[in-house]
Amino acid sequence: MAHALSADGWQGERRRAFLAGLSPALAVLLLITLVPAAALLVASFTPLQLTDPSGTFRFDDPLVNYRQLLHDGRFLASIAVQLKLSASSVLLQLAAGLGLALLLNGKSRVLEGARTVFLIPMVLPPIVVALIWKIMYTPDVSPLHRGLEALGWPVRSLIANPDTALWAISLADTWQWFPFTMLMVLASLQMIPDDPIEAATLEGASRWQLFRHIVLPYIRPVLVVCALFRLIDSFKAFPLIYVLTNGGPGSVTEVTNFYGFIQAFNFSYWGYASAIATVMLVGVFLLSWLVGRLG
C-alpha cells in the first residue's frame, strides 16, 4: 500500500512539474496567438472603421460583414485567385523538390555542395526574394529578358501581362520554397532501408518500378506533410504580390489577404477586413484538414 501511494505521489509531482514547465510557454502562446485571434473575431462582428470610431463596439447587426461578403464579387474573385495560386505553387514546389531530392540523393562532396546551394532561396527574406524577381521580370534591367532578346525571342513583362502575372508569382514562390520539400524528401530518402531496393534490383525491377513500389510508399507521408505546410504558407504570399504586381494588372493577382489589406489600410474598413481574415482563417483550417484526411 505504501509503495502504491508513493508511486501515485511521484506521478502527481511529475504532472505538476510538467505543468509548471509548460505554463510560461502556454501563457506566451495565449498572449500572442489566441488573444489577437479573439480580437479579430470580435472586430469582424462590428462595423469598425477608423473614420467612425463610435462603431467599434456596436453589435446591433453582428453578421452584416459576413452577409456583405456573400455579395462581394471582388472578394469571391479573390478566393478563386488564391486557390489558383495555392494549387499551382504547391504542386510546382512538390514536383521540383521531389525531382531534385531524387537527383541529389547520394553521398559525395559535390552533391553536398549542390544541396547547400539549393537551400539559399529558402533562407532569404521574402522581401529580398520579391525584389530579385521584380528585377527578373522588368525587361529594361532583367538579364533574362536581355538574353531572350539577344536570341531573337523578345518577351513582354510577365507581371504586366494579365495572362501570365499570376503564374509569374507562382514561379517566384516556387523558387523560394521548393528547397523545403527537397530537404524533407532528402531526409526521408536517406532513411529508406537498402534491403528492399537491393532485392527488387536483383529481381530485375526498373528505376520507375523501384520508385513507384518502394520509394514512393516510404516518402508519401513526408510529401503530405510538405503539401500541408506549403498550402498553409501559400496563403501568406503577400510580400511577393505587394512588390511584384500590387494586385494587378487590374485585380488578376489580388488574393484574399491582399484584398483584406486593401479594405483595412486603403479604405479603413477594419470590421469588414476582419471578417475577410476570419473567413480566410477558417478556409485554411478546412483545407488543412482535407489534405490531412486525403494523406
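Contact is taken here to mean heavy atoms within 4.5 Å. The structure is a predicted model, in which local features need pLDDT of at least 70 and side-chain atom pairs count only at pLDDT 80 or more, whereas totals for chains, interfaces and linings use all residues. Residues are numbered from 1 along each chain as its sequence is written, and side-chain values use heavy atoms, with hydrogens and water left out.

Leu223 lies in helix H10, where helices are DSSP runs (H or I, at least four residues) numbered from the N terminus. With neighbours within four places in sequence left aside, Leu223 is in contact with Leu94, Val185 and Leu216. Its relative accessible area is 16%, and Leu223 is therefore buried, a term that means under 20% relative accessible area, as against exposed at over 50% and partly exposed in between (1.4 Å probe, protein chains only). Between Leu223 and Gly283, 60 residues apart in sequence, the C-alpha to C-alpha distance is 21 Å. Leu94, under the same exclusion of neighbours within four places, is in contact with Thr181, Leu223, Cys226 and Ala227.

Leu94 also belongs to the largest nonpolar core, which has 25 residues and in which Leu94, Ala101, Met182, Val185, Leu189, Val215 and Ile219 have the most contacts. Two or more residues of this core are given by each of H3, helix H8 (165–189), helix H10 (207–234) and helix H13 (270–294), and the largest share, 8 residues, comes from H10. Another core, of 19 residues, lies apart from it and includes Val129, Leu244, Phe258 and Ile262. A nonpolar core is a set of buried Ala, Val, Leu, Ile, Met, Phe, Trp, Tyr and Cys residues joined through side-chain atoms within 4.5 Å.

Helix H3 (residues 73–103) has 31 residues and should span 45 Å at 1.5 Å a residue, which agrees with the 45 Å between its end C-alpha atoms; the expected span is 1.5 Å times one less than the number of residues.

The largest pocket has a volume of about 490 Å³. Of the 14 residues that line the largest pocket, Asn105, Leu189, Ile192, Ile197 and Val215 are the closest to its centre. Helix H9 (194–202) and H10 each supply at least two residues of this lining, and the largest share, 4 residues, comes from H10. A pocket is defined on a 1 Å grid over the protein atoms alone as an open set of points where a 1.4 Å probe fits, with protein on both sides within 12 Å along at least five of seven lines, and lining residues have an atom within 4 Å of a point.

The loop between helix H11 (238–244) and helix H12 (256–266) contains Pro249, which is joined to Gly248 by a cis peptide bond with omega of about -5°. Asn246 has its place in the loop between H11 and H12; its phi is near 55°, a positive value in a residue other than glycine, and with a relative accessible area of 48% Asn246 is partly exposed. Ser268, in the loop between H12 and H13, has a positive phi of about 65° although it is not a glycine, but Ser268 counts as buried at 16% relative accessibility. Within helix H12, Asn257 is buried, with a relative accessible area of 16%.

Definitions and conventions. Grid points are joined across faces, edges and corners, and a volume is the space filled by probe spheres set on the points.
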